[in-house]
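Here's a quick look around one protein model. Take a moment with the picture, then read on.

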Amino acid sequence: MKQKIQSIMESSFYQLLLIYFILVLMITFSLFYKYTIHMEVFALILGILGFFIIGKNIEEKTSRFLENKNFHYSLVVLALLLIFFLRAIPYMNNNIPLGYDAGIYKYAIEHGLENLDNWILQGVEPGFLYLMSVFRLFLSTDFTLRWLFILFNVLLGFSIYLVAREYFNKTAGILALFIYTFSIIQFKVFEMMYYKNVIGLSLALLALYFLKKHETRKKYSLLFFVICAVLTAWIHRPTFYIFGLSYFFYSFASPYKDRKYQWKMLANNILIGIIILALASLLYFGKFSKAILLLIEPIFSGFVEPGQSSGTFINFFTYQFTTLVYLPLGIIGLLYLTKKKQFNALFFWALISAVIVYFQFFFFNRFIIFLDIVIVILASAGFSVILEKSRKIGILIFIILFISLIFSSFSYSFGSKPLLNENELDTISQIFTISENEAFAMSTSAYYSTWVQGYSQRRTIAPGLFDYDIHNEQEWKDFWASNQPNLIKNFLEDYINKYKQPLYIFIGERQKDNLMSVNITCLQQVYNKNGNKIYKYQC
């Protein structure tokens, strides 16, 4: 009876799997509207049904085709080159960095360690600043923002390959690498220039790789694990947050083997964790202590009042429908770890990030990035499970999977554009040329704030950002909505009285210009390029 139920479940799974991936292919080519039916529920059902086809350990199974040494490493090189090429496409006829954070990173790279602004101490990790100061010795800021960042994305792809290969098998390593290569979610991470995120993820995954190596007593693996873990903390705090929680639960779960609990192993795990925390905290003493202390309250409030601090990224609903092509495979991969009782750090990474995202705890939208990384890796395991049970269906799914991924990723890459055009950026850069050394730059629009901070080369006033804003949200709203000379004059005069320096105000072509129609003494337009203006205010 049990075997009969198993047979029915397997048969139903393969039939539904083929239907699902045919629908995904139709969605890719706009032949079927993805919101017509609940495809995310379909993916979940498939993932759960996949539990019944999980058989032998896939670590013991290999694909002769993908495991051939020369062919295997040729595919690795090809995937890494494709990662670079896909991210180079937006720069084919464009010299402006992608992403809203480009201006922030430009300022941090050029002036972060020198000025140590309050917002730098709170928001930019010291390890990143020190790392960028080394690159700045021989690389231009422009090269660092564009091409070096692409190379870090390549490094992340290689880290994913190493983890999937080490935790599963070489075939899974290749599959995970190619899924990452064509993942729209991970391309969006690049497009939004989450620089620290990418470096932090690369280091955290390398730490997981060496942790797995350490389980097999590989020489120096423990040392490299600790180094990568500490570097993760120095480069990107949210990545270390996920990594740290994953290692914490792994430390207590891993000693349980063969129905016995190995207390000595637990003690070793705890000792290693204490060493990592002690070393990680070294750079956060003194001025950079704000980077840790100011995170405590938002993290706790995020658990008490979920849904409040989302972070800037796509939401979970959008994520589900963007990853339909590999989401059910990722669920199967997670169930594989569960069924085989492989409660390793990768398992806890998936569980923790999924809980944070689903229940909308602190920074939940940004943690979708971490969830997607582990889903990509687990999808390679899920696909290996299918390949192990039915090679013909596995190959067919493989073809559909990568047709969808390749088409979607190239379409997305060619459509990726910078947030500003050359006229806007040139006008912002002119502030440096026409202003006095001690002058302040002002952005009255959040859309341009980070760019003014990075490219004006002047201390920047922006609504709700950086160190020099002295007005609250309601006062800014009154300013934006007003055409009354007295209100606008008093608003600007507050900064003159506070800082005793001239004020240069950038008004971009995408925002309302409420300064143009008012007649205010001390305010004059000093630059205009295709609707992008600079006003000077000084009495």
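## A loop residue and some rings

Leu31 sits in the loop between helix H1 (2–28) and helix H2 (39–49); helices here are DSSP runs (H or I, at least four residues), numbered from the N terminus. This is a predicted model, where local features need pLDDT of at least 70, side-chain atom pairs count only at pLDDT 80 or more, and totals for chains, interfaces and linings use all residues. Residues are numbered from 1 along each chain as its sequence is written, and side-chain values use heavy atoms, with hydrogens and water left out.

Is Leu31 buried or exposed? Leu31 counts as exposed because its relative accessibility is 62% (buried is under 20% relative accessible area, exposed over 50%, partly exposed in between, with a 1.4 Å probe and protein chains only).

Now for the rings. The whole structure has 57 aromatic pairs, meaning rings of Phe, Tyr and Trp (its six-membered ring) with centres within 6.5 Å; planes under 30 degrees apart are stacked, over 60 edge-to-face and the rest tilted. Here are two of these pairs:

| Pair | Centres apart | Plane angle | Type |
|---|---|---|---|
| Phe135 and Phe138 | 6.1 Å | 65 degrees | edge-to-face |
| Phe225 and Tyr247 | 5.5 Å | 45 degrees | tilted |

Note on methods: Helix = DSSP H or I, 4+ residues; strand = E, 2+ residues; numbered from the N terminus.
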